Amino acid sequence: MVELFMDRVLVKNNKDQDELDTEHEIVLRLQNRILMLFFASAASETCQEFAPTVSDFFKRLTDEFYVDRSAQLVLLYISLDESEEQQESFLKELPKKSLFLAYEDPYRRELEAMFNVEELPTVVVLRPDCSILIPNAVEEILRLGPDCYRNWQEAAELIDRNFMINDDFQEKSMRSFSDPVRRLKYKVEDEKKKKKKKKGRRWGGGGGGEEGGEADGGADDKEGGGSPW
């Protein structure tokens, strides 16, 4: 994904419309992220109707009001507007954390051809390696809302165990996504201890080590395996 925009200038949809125009800035913003390429035009009534939905979708996944930690997600508006004024008008409907390409950048049309955009709106979802995850996610976003991201995250093989929607965070605040890893770690350690105990019993259970010492010897005496008589 980074390579797709390495030599381009991405613009932040904030008041000052700050530019990301260095390799370092582009890498920081795009690396290991799922990218939503939002192709639309202010001249399209369908795009106008979809804009609040995609805006709310993105906010619920990246705004601290909704999530404890922002999702690894980038929304990039690819304008197919007929004028710069139309583009500026449409950008007002999109989140301030979103990005866009300048109207005068011909790369907008190159991307349209590259991803075979035939209808508006279109949301092309890309994995971090630039491969296409979903050719057009508009219907999925309308149907599932922010739950889409969980599916995308898994399919894109992103590692982000700290992501949770706030409702889930409140219900599971005492749990951690690392629990399964810890359980596996403890299971492995338990297996090692059991093997050491079995080994101690096989040799009479009379050893004085930490794992096979007095405690194990006492257990063996009760079973009759550790008595010298």
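This is a predicted model: local features need pLDDT of at least 70, side-chain atom pairs count only at pLDDT 80 or more; totals for chains, interfaces and linings use all residues.
Residues are numbered from 1 along each chain as its sequence is written, and side-chain values use heavy atoms, with hydrogens and water left out.

Pocket. I took a pocket as an open set of points on a 1 Å grid over the protein atoms alone, where a 1.4 Å probe fits, with protein on both sides within 12 Å along at least five of seven lines; lining residues have an atom within 4 Å of a point. I find 15 lining residues, with Asn13, Leu91, Leu94, Pro95 and Lys96 closest to the centre. The lining holds seven charged, four polar and four nonpolar residues. Helix α2 (45–62) gives the most, three residues.

Sheet. I read strands as DSSP E runs of at least two residues and helices as H or I runs of at least four; two strands pair at two bridges or more. Seven strands form an open sheet with mixed pairing, in the order β2-β1-β5-β4-β3-β6-β7. β2 (19–20) and β7 (132–134) are the edges with a single partner strand each, so one side of each has no neighbour in the sheet. I then checked β3 (34–40) and β6 (122–126), which run antiparallel and are joined by five bridges. Phenylalanine 39 has threonine 122 in β6 as its bridge partner.

How values were computed: Ala, Val, Leu, Ile, Met, Phe, Trp, Tyr, Cys and Pro count as nonpolar, Asp, Glu, Lys and Arg as charged, and the others, Gly among them, as polar.
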